[in-house]
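This report concerns one protein structure. Please examine the sequence and coordinates shown here before reading on.

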Amino acid sequence: MNIPSSILTLLLGVGLTLVSLWYGQNHGLMPVAASEEAGHVDGLFNAMMTISTGLFLLVQGVIVYCAIKFRRKPGELGDGAAIEGNVPLEILWTAIPAAIVLWISIYSFEIYNEMGGFDPSANDMHAMHGMPAGKGSAMAATMDGVPQGSPMIAALGVGASPANQGKAAAVNVNVLGLQYAWIFTYPEVNVTSGELHVPVGKEVQLNMNAQDVIHAVWIPQLRLKQDVIPGTQTQLRFTTNKVGTYPLRCAELCGGYHGSMVTQMIVHTPEEYDTWIASQQQSAQAQAEIVKQTIAMQPANLSTDKYLAPYAKEMGIKPEMVQHLHHQHDMSKSIASAVR
């Protein structure tokens with residue numbers, strides 16, 4: 001039974017389309033999507049994967065068909081038929097890729113806008129948590145916020161989505177990249193950490209600056225990557241939707257130990273996040289108290305008996321012995337003064 005070529009072509013086209021659509025949605029190449037923005041990126045990636053699969057199968061199918069159909073027959077020694085070209089076919093295989101590229105360009109533009117890539121407030125100096133451009137002062141600015149009189153620099157990166165434009169993010173984090181570590185400062189609660197902690201379901205804004213060379217914050221599960229540039233503030237704004245721990249890497253070659261510039265983003269429930277903030281604040285207060293006590297216990301500020309008093313009981317020394325030593329010390333000082 002001979003099937004007309006038109007019907008056969010139609011059946012092959014339908015089969016090719018179905019296979020491409022199925023694989024484009026079930027390729028399993030992307031990591032878990034942990035942010036609201038990830039869905040937009042996955043939609044674009046799936047569309048590109050569907051088109052790529054279809055084109056791959058079409059081109060490879062034509063190659064295999066031609067290799068079998070037009071192969072040299074046994075005993076054939078002459079040249080093949082001279083084919084000069086087919087104008088309609090050339091127009092077709094030029095117009096279709098051009099239309100696909102144009103469609104992907106428009107679609108990706110819309111996706112970038114939906115994610116906040118064209119947020120006008122990204123260049124609003126009054127809406128930023130800026131950092132100074134000075135190389136040596138980046139650490140202090142990240143810890144303490146923006147000092148008075150420091151220059152404000154227009155932010156670059158992904159800002160608020162159209163639905164959230166004009167609204168402040170629920171959580172602001174200042175990010176400092178340096179060889180080879182990340183430092184995250186929460187200026188509103190005076191907390192600093194080597195890991196990024198965020199609450200699930202709340203919008204987070206990262207205000208980023210580099211101290212030395214170009215770095216890049218890359219969190220695959222968020223589908224976000226943004227360069228961190230010395231002297232220029234960049235930002236990322238996102239909303240997580242899955243509790244968990246996700247890797248945060250530097251995606252720019254920043255030196256010999258670039259591969260070790262890895263930390264993690266921990267997404268908490270709102271209650272767990274509040275608990276973590278409280279624990280960090282208590283830890284900071286405890287560290288500050290230890291420093292204060294250490295400074296107060298400097299030997300230069302204490303007499304001998306006061307300096308030794310806290311340790312006398314632990315060492316089994318009687319208080320009378322400490323007082324005797326203090327008395328001997330005072331006598332020595334008096335004699336030395338008299339001799340002079």
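The following paragraphs treat the surface, the core and the cysteines in turn.

The model is predicted, so local features need pLDDT of at least 70 and side-chain atom pairs pLDDT 80 or more, whereas totals for chains, interfaces and linings use all residues. Residues are numbered from 1 along each chain as its sequence is written, and side-chain values use heavy atoms, without hydrogens and water.

Helix 1, a DSSP run of H or I with at least four residues, spans residues 5–25 and includes Leu12. Ser20 also lies in helix 1. Leaving aside neighbours within four places in sequence, Ser20 is in contact (heavy atoms within 4.5 Å) with Thr50, Thr53, Gly54 and Leu57.

Relative accessible area, computed with a 1.4 Å probe and protein chains only, defines buried (under 20%), exposed (over 50%) and partly exposed (in between). The table lists selected residues.

| Residue | Relative accessible area | Class |
|---|---|---|
| Leu12 | 56% | exposed |
| Ser20 | 4% | buried |
| Cys250 | 7% | buried |
| Cys254 | 4% | buried |

The largest nonpolar core has 36 residues; such a core joins buried Ala, Val, Leu, Ile, Met, Phe, Trp, Tyr and Cys through side-chain atoms within 4.5 Å. Val173, Trp182, Tyr186, Leu196, Leu206, Val217 and Met265 touch the most other members. Strand 6 (residues 203–210) gives the most to this core, with four residues; a strand is a DSSP run of E with at least two residues.

The whole structure contains zero disulfides, defined as cysteine sulfur pairs within 2.5 Å. The sulfur of Cys254 has its closest cysteine sulfur in Cys250, 3.9 Å away, which is too far for a bond.
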